[in-house]
Amino acid sequence: MSALRYNRQIILPEVGEIGQQKMLKAKVLVIGAGGLASAILPYLAAAGVGEIGIVDDDVIELSNLHRQVIYKNDAVGKSKVLEAKRMANELNPTAKINAITERLSGNNALDLFIDYDIVVDATDNLSTKYLINDACCVVNKPLVYGSIYRFEGQVSVFNYKNGPTYRCLYPDENSQSLNCNDAGVIGISVGIIGMLQANEVIKMILGIGDVLRGKILVYNLLDNEQQKYDFEKKESLVINKSAFEAKYKVIENQGEEIAAETILDKIDANEVIFLDVRNLGELPEINFKNKIQIPLLSLEDEIGKLNKSQTIYVFCQSGIRSKMATELLKKHQFKNVKSIIGGALILNQLLAEGSKAF
């Protein structure tokens, strides 16, 4: 251990050399390498957390840079987790950083989570948050939660010392929640909430302070007001391993996603619709004769524009909103609907590689 590197926190009575050793032995897994993680990762690495895993299969986009401040302009198009690993190791070469370039799923979550002490949710997708929560319950890991809605952020700690879970706070899994792409976000909001998440991680590692167990902190950036609300554990909402596998592994095997490479021959086919659920003006542009654009927020109101007898391939920017749209269409009895894995970014890449003359 470099006493000089960590001197300013070691001299804190609540930390000391024993506390610093706890930090060096700690293993923390961060799900998502976007805006929240851009605050979480540097502070955990700099504080001396010994092993940090980062899970994300996304690449850096120009529209990320105003809030995902660990990435440089010349990193656009590169893997987020690989760039995040490079940043963290430049900040603290002694930290072990595991870059996991996979999409989190029911097939890999349990195996990933079991190797870490604490899991941090740095995602902005509702279905992924339930997956993370449920996997933490199965393997009994504390979960540090953070979320942003425009100028308001939330932070809590779930499943800590047998405490309440995410489902205890938000039992309705079918509620609609906008991510940053749809609702908008200012960069400083993810910075503040991400640092509060990192703070909860460090408190748990050191065993100090009042962890947000059974409490949710709500912070408003516009007036700097914050409130904490208590909530109780509901045992009936805690998921076990058999329920987890039945829920997530079955869903993933239903074939609701499809690789872009396999459907290139369907471009401009009359019996197929490519449904773009991105917001107007998002780049790259994808222009097919058989493409229709309906933003996800408008999809339910404009669902009459779609023909249930046609095959519909849905895409967004990277594959997250398109899965939500696919679920919505299936609820409205659309049968032949699939979400394109990787979305417009992959389609655009195939165009650039000349795989198909769109």
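**A walk through the model**

Analyst: Happy to. Helix α3 passes helix α4 in a right-handed crossing. Keep in mind that this is a predicted model.

User: At what angle do α3 and α4 cross?
Analyst: Roughly 35°. The axes of α3 (residues 35-47) and α4 (residues 80-91) come within 9 Å.

User: And which residues meet there?
Analyst: From α3 there are Leu41, Pro42, Ala45 and Ala46, and from α4 there are Ala84, Met87, Ala88 and Leu91. By class, this contact has 8 nonpolar residues, with no polar and no charged ones.

User: Another pair, please. How do α2 and α9 pack?
Analyst: Helix α2 (residues 16-25) and helix α9 (residues 187-206) pack at about 115°, with their axes 9 Å apart. The crossing of α2 and α9 is right-handed.

User: What does α2 meet in α9?
Analyst: Gly19, Lys22 and Met23 in α2 meet Ile202, Ile205 and Leu206 in α9. That contact divides into 4 nonpolar, 1 polar and 1 charged residues.

User: New topic: is Arg278 buried or exposed?
Analyst: Arg278 is buried, because its relative accessible area is 2%, under the 20% cut-off. Arg278 is found in the loop between β10 (272-276) and β11 (291-293).

User: What does the side chain of Arg278 reach?
Analyst: The backbone oxygen of Pro284, at 2.8 Å. The side chain of Arg278 also makes a polar contact with the side chain of Gln317, at 2.9 Å. Beyond its neighbours within four places in sequence, Arg278 is in contact with residues including Leu283, Glu285, Phe315, Arg321 and Ala344.

User: You mentioned Pro284. What is the peptide bond from Leu283 to Pro284 like?
Analyst: That bond is cis, with omega near 5°. Most peptide bonds are trans. Pro284 is found in the loop between β10 and β11, and Arg278 is in the loop between β10 and β11 too.

User: Why would residues point the same way?
Analyst: An α-helix has 3.6 residues a turn, so residues three or four places apart point the same way.

User: Let's switch to Lys129. Where is Lys129 found?
Analyst: In helix α6 (residues 126-139). Lys129 is buried, with a relative accessible area of 4%.

User: What does the Lys129 side chain reach?
Analyst: The backbone oxygen of Gly146, at 3.0 Å. Not counting residues up to four places away in sequence, Lys129 touches Asp121, Thr123, Asp124, Tyr145, Gly146, Ser147 and Tyr166.

User: Last topic: backbone angles. What is the phi of Lys161?
Analyst: Positive, about 50°, although Lys161 is not a glycine. Most residues other than glycine have a negative phi. Lys161 is found in the loop between β6 (152-158) and α7 (166-169), and Lys161 is exposed, with a relative accessible area of 63%.

User: And what about the phi of Asp268?
Analyst: Asp268 has a positive phi near 75° and is a residue other than glycine. Asp268 is found in the loop between β9 (257-259) and β10. With a relative accessible area of 32%, Asp268 is partly exposed.

Note on methods:
Residues are numbered from 1 along each chain as its sequence is written. This is a predicted model: local features need pLDDT of at least 70, side-chain atom pairs count only at pLDDT 80 or more; totals for chains, interfaces and linings use all residues. Side-chain values use heavy atoms; hydrogens and water are left out. Axes are lines fitted to C-alpha atoms, for helices over the stretch in contact, and angles run from 0 to 180 degrees between N-to-C directions. Helices (H or I, at least four residues) and strands (E, at least two) are DSSP runs, numbered from the N terminus. A crossing is left-handed if the near helix is turned anticlockwise from the far one by less than a right angle, and right-handed if clockwise. Contact means heavy atoms within 4.5 Å. Ala, Val, Leu, Ile, Met, Phe, Trp, Tyr, Cys and Pro count as nonpolar, Asp, Glu, Lys and Arg as charged, and the others, Gly among them, as polar. Buried means under 20% relative accessible area, exposed over 50%, partly exposed in between (1.4 Å probe, protein chains only). A polar contact is a pair of N or O atoms within 3.5 Å; within protein, one must be able to donate a hydrogen and the other to accept it, and residues adjacent in sequence count only if both atoms are side-chain atoms.
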